[in-house]
Amino acid sequence: MTEPEPPSVAALSLSETATTEPKGASEQEINPWDVQAATDDQGNVLAFDYEAISKKWATNLIDKALLERFERVTGHKPHRWLRRGLFFSHRDLDRILDTYERGEDFLLYTGRGPSSGSMHIGHTIPFEFTKWLQDVFDVPLVIMLTDDEKALFKESLTFEDTLKFAYENAKDIIALGFDLKKTFIYSDIKFYGSGGAGHFVTNALEFSKLITFNQVRGAFGFDASTNTGRIFFPSFQCVAAFGSSYPFIWGEDPQSDTRFAKLAAIPCLIPCAIDQDPYFRLVRDNANRMRFPSPKPALIHSKFLTALQGAGGKMSASNPNSAIYMSDSEKQIKNKINKHAFSGGQETLELHRELGGNPDIDVPYQYLTYFEDDDEKLQGFYDAYKKGDMLTGEMKKECVDVMIAYVRKFQEARSKVTDEILAEYMKIRKLEWKGNPHPTKPKNTETKAEGETKPAEGLSKNAAKKAAKLEELRKKKEAAAAAAAAAGKS
Ligand code: TRP
């Protein structure tokens, strides 16, 4: 890419905002249920250190070479959230590009824990990114709404509460424009009991049999007084990455007595925030131990979105002024940005003109990096702000305009999402997609001779052979059963 590169998003350090008593330094804490930024020895909240977490968990940082390959292989300029490092880390994304080059299918999988009925921009951005990936690759997508997880992990929420939130959230997600033909959205609570999830549940049971309490305790920090639902739940979130959990997507019968080895072998790509990585390390470590083995799912990780109060802060449902909600009115958006967005500007106009502002910690500027697609325009704001030519009020005005346009467009789309449309997306059905129209590499034919199973990348040769054999056995059994049934009839 030759465009000037605007500074990456959320590279902030925020000691300026501290108002709390000295508390002593603490390290950042990142796990699926608790995300806390580090504090310095004064108790000041610091920015997240994403390189540190990537290093600690041994993920790969997304670099220029990978983005260049992405563009070559897909023919699409990388999304601004990739260019600007909001999605900053991955596991095996290069393998997904290999799969796409060969014109082979993969499954996109993402999800959300429905902990409240309304979503803010921190929730919609990952979904918009997933939609972009789906448009680029033209592949099937499953969206898992973990209403079971949220009720298990939050004492105050009932399963009825979270199911209701799941429906509300699903409507918001649909409003982002997902293609119905290629997208299956499900509430865990409803799906498990639907009759379509037999293979999903069998996968979860088998997966849970492979995982010891020690393993989940290590990954998630459970102890002996953790409720047992929480201990089982990771198996659900893990097997949701297996194609064999959704046979209907490929037109196969979810009521069949045996799962489909060929579907298990389909690769999967999971866009998620970095805090979800512990789940997926678990599935990556154990996927090929399944009776119908799956390749390690690939991951693409995002940073956390900056709260209005600045880096290290959290967009939170309990503080409406911490985030722009998709249901906010224009007046609320204006008010939130003008009154509550942390500014990197100087105290007075004179000082600002003289010294310039700091766009790196300026939240209105950060939000512009999320939504202003024009790299040059953004760079212009950055430079002008730093020089003091652009004032805080002017930056805020740009931000307000962009945010209002984004939320208004969303609200128009959301108002058209009826219960009937929601039901269509959540229906168990075959999906339709085209994949890569111009594959540049031959398909993987290693095990063609043993049946139609194609080994997926990430599946060892032995595992692929095993998958092919099992698939053949399954077919024979089904044929025999059909023959027996036919014989019984005549
Ligand atoms: N556990 C996630 C949450 O609480 C929801 C989720 C399930 C998810 N599967 C996922 C998120 C896959 C990202 C990717 O929000």
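Guide: One term before we start: contact means heavy atoms within 4.5 Å. Keep in mind that this is a predicted model.

Visitor: Okay. Leaving aside neighbours within four places in sequence, which residues is A298 in contact with?
Guide: A298 is in contact with R91, D92, L93, I96, C268, L269, I270 and R284. A298 itself is found in strand β9, residues 298-302.

Visitor: Is A298 buried or exposed?
Guide: Buried. Its relative accessible area is 3%, and buried means under 20%.

Visitor: How far is A298 from L93, C-alpha to C-alpha?
Guide: Their C-alpha atoms are separated by 5.8 Å. Along the chain, A298 and L93 are 205 residues apart.

Visitor: You listed R91 there. Where is R91 found?
Guide: In strand β4, residues 87-91. R91 is buried too, with a relative accessible area of 8%.

Visitor: What does R91 touch?
Guide: Not counting residues up to four places away in sequence, R91 touches W57, A58, T59, N60, D277, R281, R284, A298, L299 and H301. With A58 there is a polar detail: a polar atom of the R91 side chain lies 3.2 Å from the backbone oxygen of A58.

Visitor: And L93, which helix is that in?
Guide: L93 belongs to helix α4, residues 93-101. The buried residues there are L93, I96, L97, T99, Y100 and E101.

Visitor: What do the buried residues of α4 pack against?
Guide: They pack against α2 (64-74), β4, α5, β8 and β9. After α4 comes G103, with a positive phi near 70 degrees.

Visitor: Let's zoom out. How many helices and strands are in the protein chain?
Guide: The chain has 20 helices and nine strands. It has 490 residues, and buried residues make up 56% of them. Take the contacts between residues at least 6 apart in sequence: 76% join residues at least 24 apart.

Visitor: How do the lining residues divide by type?
Guide: Into 22 nonpolar, 15 polar and eight charged.

Visitor: Now the ligand. Which residues come nearest?
Guide: Of the 15 residues around the ligand, Y109, G113, E149, Q237 and Q276 come nearest.

Visitor: How do the side chains reach it?
Guide: Start with Y109: an N or O atom in its side chain is 2.8 Å from a nitrogen atom of the ligand. The E149 side chain has an N or O atom 2.8 Å from a ligand nitrogen. For the Q237 side chain, the distance to a ligand nitrogen is 2.9 Å.

Visitor: One last stop: α16. Why is helix α16 largely enclosed?
Guide: Because nine of its nine residues, 363-371, are buried. Among them are V363, Y365, L368 and F371.

Visitor: What do those buried residues pack against?
Guide: The buried residues of α16 pack against α3 (80-83), α5, α14 (330-340), α17 (375-387) and α18 (392-414).

Visitor: And which residue caps the N-terminal end of α16?
Guide: D362. One of its side-chain oxygens lies 3.0 Å from the backbone nitrogen of Y365.

Conventions
Residues are numbered from 1 along each chain as its sequence is written. This is a predicted model: local features need pLDDT of at least 70, side-chain atom pairs count only at pLDDT 80 or more; totals for chains, interfaces and linings use all residues. Side-chain values use heavy atoms; hydrogens and water are left out. Helices (H or I, at least four residues) and strands (E, at least two) are DSSP runs, numbered from the N terminus. Buried means under 20% relative accessible area, exposed over 50%, partly exposed in between (1.4 Å probe, protein chains only). A polar contact is a pair of N or O atoms within 3.5 Å; within protein, one must be able to donate a hydrogen and the other to accept it, and residues adjacent in sequence count only if both atoms are side-chain atoms. Ala, Val, Leu, Ile, Met, Phe, Trp, Tyr, Cys and Pro count as nonpolar, Asp, Glu, Lys and Arg as charged, and the others, Gly among them, as polar. A residue is near a molecule or strand if one of its heavy atoms lies within 4 Å of it.
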